[in-house]
Amino acid sequence: LWDLRSGKRLVRLEGRPADSAAFTPDGRRLRTWGDGTAGHVWNLGDIGRSSEEVAVLAKDHVPFRLERGQLVPDPVRASERPRSMDELAEQVELAVMHWYAAFHARGDGDLEKAKRHEPVAQAAWEAVLACAPAAWRGFGETFLEDLGDLFQELEEADDREGARAYARALVEVTSTLHGRDPDGGFWLTQIADAREGLAKVLAGEPPAVRRAAWQDAVEARRAEAAARGFSGYASIAWWQLGEARAQLAAVLEELDDEDGALEQYRSILDERRTFDDVTGGGYFTSYAEVDLRWTDRMLRLCRRRAGEAPEDEGRLRDLAQALAARCEARQRAGSSGTYVLRAEAVRCREKLEALVPNDPERLESLAQALTRLAWTYRAEGRPIPEQRLHHQRALGIRRELANREPEDAARFRRLADSHDGEAFCLGAVSRDEEARRHHLRSLELRERAAALG
């Protein structure tokens, strides 16, 4: 390992023959592979430079050539035509890295650096195109940038086979790259995009074929979401996973696999709850239409199943979940008339409570449904007496539950919410003193809840 600036050799790594090497993005390790041996990761602990310095140098990437005493990017080596899938993957990686380096350099105003990287990227990409399927040609640097546009162009040209060939090759290349760098979250995203793209261009194929493709896409999205976590924009992977699950559920319904479809819908709801619990709530508005589509399909399926067995507790629970999900989707999309579905959700919760009377969990679920109906009435301008009727019912249920468990902080908070709802209704008709009493009661309950932790 040599120092780029001084030319001094920093360290010699022995015992693992290789003909290729790359730094990890943090600059702390060096990955070597090739020469007929398994890959190896070297820990660069003490080489005379900090990991931050190495990371900065690693951003420039190999290959270089020596020219007048300085190392510069080498477009000649980058243009060598790949002879295997591994080499093809390396060329793709090389092209992408240099395109990104040039892009960021131009963004920073460093035109000299951009000019050093662009020829390397172009040469590497031309080498990829020379041996890749015909469907790849002509798209240049848009590779890995926007699969949706690429497939659209191919389909507009009636080249469905080309689109499928592109997608299959893309899946193979990205999977190969990820196999060489299993910690690389970037390639997990590309694999997920590729598998989802392939599933989309298989539209028109038999349902069994599309099911397998969407199952692969779901698994790829799930791996990507787990790797990216819940921070910032990266958390959009969880919403993309939900969209893939919804597509799989639609295919499973075609195959009359209702249980399989419901499993996917339940997984979407579970993952959304986890997302809300971790992030404190959040929504990508671009998914409003997606949510409207899959919640509509889920609700139709659950209504039909509940109609076939009106006393089946499991089917009633599924219907209650589907109604709640549909209402949330409609409200996020700004649709009116959601109160009709909220009222149906209340009736569903009443049926569930009647099956096991006085069960605390079912009573609280009914109170939640009543509260949501009341607030939906308010949002859609329904008369105040109708709003108050449902707040009062929820208040009565929660008061009874709080009396049963006088040391339960969660019960106090929910009862306080119902007092606030009643206060808002009374305040809206100028019954200010009564509203004030409910607000004070809410405050008292919240203080007791806080004291209990």
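Is Cys302 buried or exposed, and what is its relative accessible area? Cys302 is buried, with a relative accessible area of 2%. The structure is a predicted model.

- Cys302 takes part in no disulfide, and the nearest cysteine sulfur belongs to Cys348, 9.4 Å away.
- Cys425 is buried, with a relative accessible area of 2%.
- Both values fall under the 20% limit for a buried residue, which is why Cys302 and Cys425 are classed that way.

**Largest cavity**

- One cavity of 30 Å³ or more is found in a search of the whole structure.
- The space in the largest cavity is about 50 Å³.
- Its lining is made up of Arg317, Arg349, Leu352, Glu353, Glu361, Arg362 and Ser365.
- By class, the lining of the largest cavity has five charged residues, one polar and one nonpolar.
- At least two lining residues of this cavity come from H13, and at least two from H14.

**Second largest pocket**

- The second largest pocket holds about 790 Å³ of space.
- Its lining consists of 25 residues, and those nearest the centre are Arg273, Ala324, Ala325, Glu328 and Arg372.
- Two or more lining residues come from each of helix H10 (258–279), helix H11 (288–308), helix H12 (313–332), helix H13 (338–355) and helix H14 (360–379).
- With eight residues, H12 gives the most to this lining.
- The lining of the second largest pocket divides into 12 charged, nine nonpolar and four polar residues.

**Helix H8**

- Helix H8 covers residues 207–228, which is 22 residues.
- At 1.5 Å a residue H8 should span 32 Å, and its end C-alpha atoms lie 31 Å apart, so the two values agree.
- The buried residues of H8 include the alanines Ala213, Ala217, Ala220 and Ala225.
- Also buried in H8 are Trp214 and Val218, together with Arg210, Arg221 and Glu224.
- Gly229 follows H8 and has a positive phi, near 75°.

Technical notes:
Residues are numbered from 1 along each chain as its sequence is written. This is a predicted model: local features need pLDDT of at least 70, side-chain atom pairs count only at pLDDT 80 or more; totals for chains, interfaces and linings use all residues. Side-chain values use heavy atoms; hydrogens and water are left out. On a 1 Å grid over the protein atoms alone, a cavity is a set of points where a 1.4 Å probe fits but cannot get out, and a pocket is an open set with protein on both sides within 12 Å along at least five of seven lines; lining residues have an atom within 4 Å of a point. Grid points are joined across faces, edges and corners, and a volume is the space filled by probe spheres set on the points. Helices (H or I, at least four residues) and strands (E, at least two) are DSSP runs, numbered from the N terminus. Ala, Val, Leu, Ile, Met, Phe, Trp, Tyr, Cys and Pro count as nonpolar, Asp, Glu, Lys and Arg as charged, and the others, Gly among them, as polar. The expected span of a helix is 1.5 Å times one less than its number of residues. Buried means under 20% relative accessible area, exposed over 50%, partly exposed in between (1.4 Å probe, protein chains only). A disulfide is a pair of cysteine sulfur atoms within 2.5 Å.
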